[in-house]
Structures are given as C-alpha cells and as structure tokens.
Amino acid sequence: MDLLTRVLFTLLGLFIILNWGLLMNAIMRKLTARVARRVGIRWYQPWINLVKLYSNRNAISHGVMFQLGPVFRMMGGVGLFIFMPLIYGSEAFSNFSFAGDLVIILYIKFFGMLGMALGAGEGGHPYSAMGVSRGLSQVTTVELPFALAIIALAVQYNTLSLHEIVAAQQGGIANWTLLTNPIATLAAVLSMLGVFMHSPFDLVKAPNEIPIGPPTEYHSSYLGILRTNAAILHVIEAVLYMNLFFGGATSWPILIVKTFLIYFFSIFVGVVFPRFKIEHSVRWFLKVPLALGIIAIILIL
Amino acid sequence: MAENKKNIQKNDEEKIQETRDKFLKDHNKKRRVETPEGRVIEVDPMKDYFSDERPTRKDPHKGVIEKFLNWARSESIWVLGFGTGCGSIEIPPLTTPRFDMFRFGVAMRPTPRQSSALIISGYLSVKTLKRAIRSYEQMMQPKFVLALGSCTINGGMYWDSYNTINRVDHYMPVDVYVAGCMPRPEALLAGFNQLKKRIREGRAEGANQYAEHFDWYKANQKKIIKDWNMPDYNW
C-alpha cells in the first residue's frame, strides 16, 4: 500500500472515530440523564455545539501560547490516533503503528496535557491555574499504575508493539490479557477511571465548583478544537485499552461495541459515586491501583 | 435624538473623569514605579491590563449559510450562570427532571467566554448592573439577553427604589422579555423558545446593536454607575 492511500485511509479512520466519539458522548450523556429521570440532550447535540462554536463571530487571544494550547491538545489526540492500530488484520486501518509504538503512545498521552497546561496558564484566569495543578497532579498518579501495568504486559508478551500484543490475544476470550494477566488488567482499568475524568475523578474540570478548570478562558473555535479533540481522545483511549487488555478488534462493529463498553464502565462508576477531592483521588490512585500494579510486576518477574 | 445623545455624553465625560480617579483602587491608578533594575517607568493599569478597544459590528453571513448557522445557534443556547435578583432561583429547577432544559439544547456555562445567552433574572441593582455589563461585554458574539420578571421591564415593585434600575434595555440590548413576578420555570422555557424563534429569524443581532449605539449605552450606564472604576470596555 503506497503512502497516499495510507494517509487517505488514516483520514477516513479519523473521520469515523471523530463521529463515533461525538455520538458516544451524546449516548453517555443521555444515559446519565435517564438515570436522573430526565429526557436528556438530543443525540445530535454535540454536532450542533461544534457548529455553533466554530461559527462564533469573534474570538480574542491572550497571547501566542494561549492560541497554541488547543493545537497541542489536538496534537495529543490526533498523535495518539496516528500511531494506534485500530483493526487487527487490516492493513488500511493499522494507521502508522510500528515496532515501538507503545512507548510513543505513552509519551503522547501526556504531551497534550502539558501543552494545554501552558496555554491555559497564559489565559491568566485563576481557575485555569487551579484546574491545571489539579489535572497534572491527578494525571501523574494515574500514569503510575498504568505504566506499571504496561511494563508487566511488555514483559509478558516480550514486545513493545501494540500490533504484536493484539496478535498474541487472538483466538478466543481465554487468550485476552483480561484472563492471562488479570491483576495488571485490574490496575490499568482502575487507572482508566482517572484517564476519562468522569465522576468520582472529575475534580479537574469540576463543573459547578471551579468553572470547568483549564479551559475556563477558552471560547469560540478554541473550545471547538478542544471539544473535537475530546471526542477523538475518548474513543482512542478506549481503543488503547481494548488493544492492550480486551483482545483488540477484527472489524469496525467489534471496535464500536468494545469501545462503548470500556467507556461505559467509567460512566457507570461515575453515576454511582460522587466526586472525590483531589487529595482523596491522588491518595486512592497511589493506594489500590498502584499496589495492584506492583503486584502485577512482581508476579510477572 | 442624536444631539441629545451627544449632550449627555459631553456633560458626563468631565464628571466621569473626576469620579474615575476618585473611585479607582490604588493598584489601578496611573503611577510611576521603580523597576528592579532601578529604572523609573510609568504604568497605567487601566490601559496595560485591559483592552479599551471599542466593540465593532460583525456582519452576519448571507443566505442559506447564515440560516444554517442561526439554526445551530438557536439549538445550542449556553446560558451564563449569573443570578442577579430573586429570579435566579427559577433557573436551577430547569435542570431537574420536571423541566429539563437540556432537551431544548439549553445548557449552563460557568464562564462568560463560553456563554451565548445572559439571563437578567429579576431586579438589577446598581452594584449588580456593573457586573452584568462586564459579563455581557466579555461574551462572544453573537450574544443574546433574556430579561426575566417585571423588574427588568419597568422596575416592577422596585420602580421607585433608590438603587435599582428600571429598564434593562437602556443599558444592554434585550432580545426577549419574560413578564411575571416571578415567572415560573415554564415561562422561562417559553422565553427560551421565543428566543430560539428570534435567532432563527435572524433578528437577534443585539451585539451589533450594542456596537453601533455604543456611546448611547455607555452614557446611560455611566449616568447610573457613579463609582465607575473599571475600563470603558471589558474584553
């Protein structure tokens, strides 16, 4: 497959992932609304919101870094997408994954957050600074158990390539990491709750308390970019977990069902549990998931 | 009418300059400071920290494009969480299962930067007017104002109060009035639907109106707010 076809297929994949992300957000918001016995938003509300944000007639700037913040964040989401194999066995939707893609994915996952922190900092709003300090401290503790789980996986499968990890899990549920290495899976899935940042770990954005955290000053198309990126990021992070622990996907319907269920888990927990304070959530991540991660490492060695 | 406007402005400008220095906080006054390197420089925080650029008219697109965009704007109304008077107690019930404004595409936003609609919910005291103006000016165009309750129309039961303004549309362009004291949440939802209709018809150009008649609005505001200690225009 030549480069141009590859790029075109990657763009097609991005388009599908973006729309599925927006639809998934709407479905999840609808589900939470039904739990509260409300009717909830229309299923096409996220698209309308995007059109509205991009079509606002003016936007102001607080400086160059403020403008670059959403771009870096977008780079985090799209960068994660570019190196992520989506469909196992399909050359077209393997994107640009290569032998060491797991390492670069771990790096890019954090990169978007840092860019956003710089941009939000230049916004100058005190709530942005609060959101950034909370977000970075929580994400740092979330990354610890996740990184340990990934190291356990790398030792178990003796590779740093996502494609090979997915290949090793083919041939039935019994081969999934979920069953071959349940403790690492548990550590990673619990840290996933912090990645998606839904209740009880949504203090970073904390609606109703500090106005929406880091993006407080972002508006119009800046916010449009952030929202587009959020839709991509939610799906692609679910795809990462799917590839690592739940056997990957051999076709688009399987990918959609699996990402939906993975994302639904965090929503399910969020509906049941109220919000943690930041010191509580940091302590919790440093206790249960981290302990599980260390046990997973010890067992695999 | 035009001359009248100019006269109001001329007489008031001198007064405003006097009052401005009087009410400005010390850290916002124009002064000379010494830098760590020993140079003496002049700082004017009202110019340095705030933009005093006037708002400008932003022309809508033409034809089908603007119709589509207006439809999107009308179906995604983000309301600034800003309660002015007793009417603000009527807004929270809208998020509950009984009224549920989300099904109409209405949502609350905590910051003026991201909001497209401002609800003046009830009487507006002089002190709150200042905050309402700052919030309104920080919102992005196009922006809509929904005035709730009799107090915003003619002062209502506060019509002769010493510190409550009577007509909101002397200070900012209002798109929809919801009458009542207090209007129930259903009335507010009806107001939202009226606002949607207005946006779809392309008549909700309040921000452009504010930019075109900026001097008139400012003169009115400054007549009421005696301790004007903020920049003339708040980005």
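Tutor: Let's start with a term: a nonpolar core is a set of buried Ala, Val, Leu, Ile, Met, Phe, Trp, Tyr and Cys residues joined through C-beta atoms within 7 Å. Buried means 20 or more other C-beta atoms within 10 Å of a residue's own, with C-beta atoms placed from the backbone. This is a predicted model, where local features need pLDDT of at least 70, side-chain atom pairs count only at pLDDT 80 or more, and totals for chains, interfaces and linings use all residues. Residues are numbered from 1 along each chain as its sequence is written, while chains are lettered from A and ligands numbered from 1 in the order written.

Student: Which residues touch the most other members of the largest nonpolar core?

Tutor: In soluble globular proteins, nonpolar side chains tend to be buried together. Here the largest core has 108 residues, and Ala149(A), Ala188(A), Ile236(A), Tyr241(A) and Leu146(B) touch the most other members. H9(A) gives the most to this core, twelve residues. A second, separate core of seven residues includes Leu50(A) and Ile225(A).

Student: What is Ala149(A) in contact with, leaving aside neighbours within four places in sequence?

Tutor: Contact means C-beta atoms, placed from the backbone, within 7 Å. For Ala149(A), the partners are Ala184(A), Ala187(A), Ala188(A), Gly293(A) and Ala296(A).

Student: How many residues of H8(A) are buried?

Tutor: Helices are DSSP runs (H or I, at least four residues), numbered from the N terminus. In H8(A), 13 of the 15 residues are buried, so this helix is mostly covered. After H8(A) comes Met197(A), with a positive phi near 55°.

Technical notes. A residue is buried if 20 or more other C-beta atoms lie within 10 Å of its own, exposed if 12 or fewer, and partly exposed in between; C-beta atoms are placed from the backbone. Helices (H or I, at least four residues) and strands (E, at least two) are DSSP runs, numbered from the N terminus. Two residues are in contact if their C-beta atoms, placed from the backbone, lie within 7 Å.
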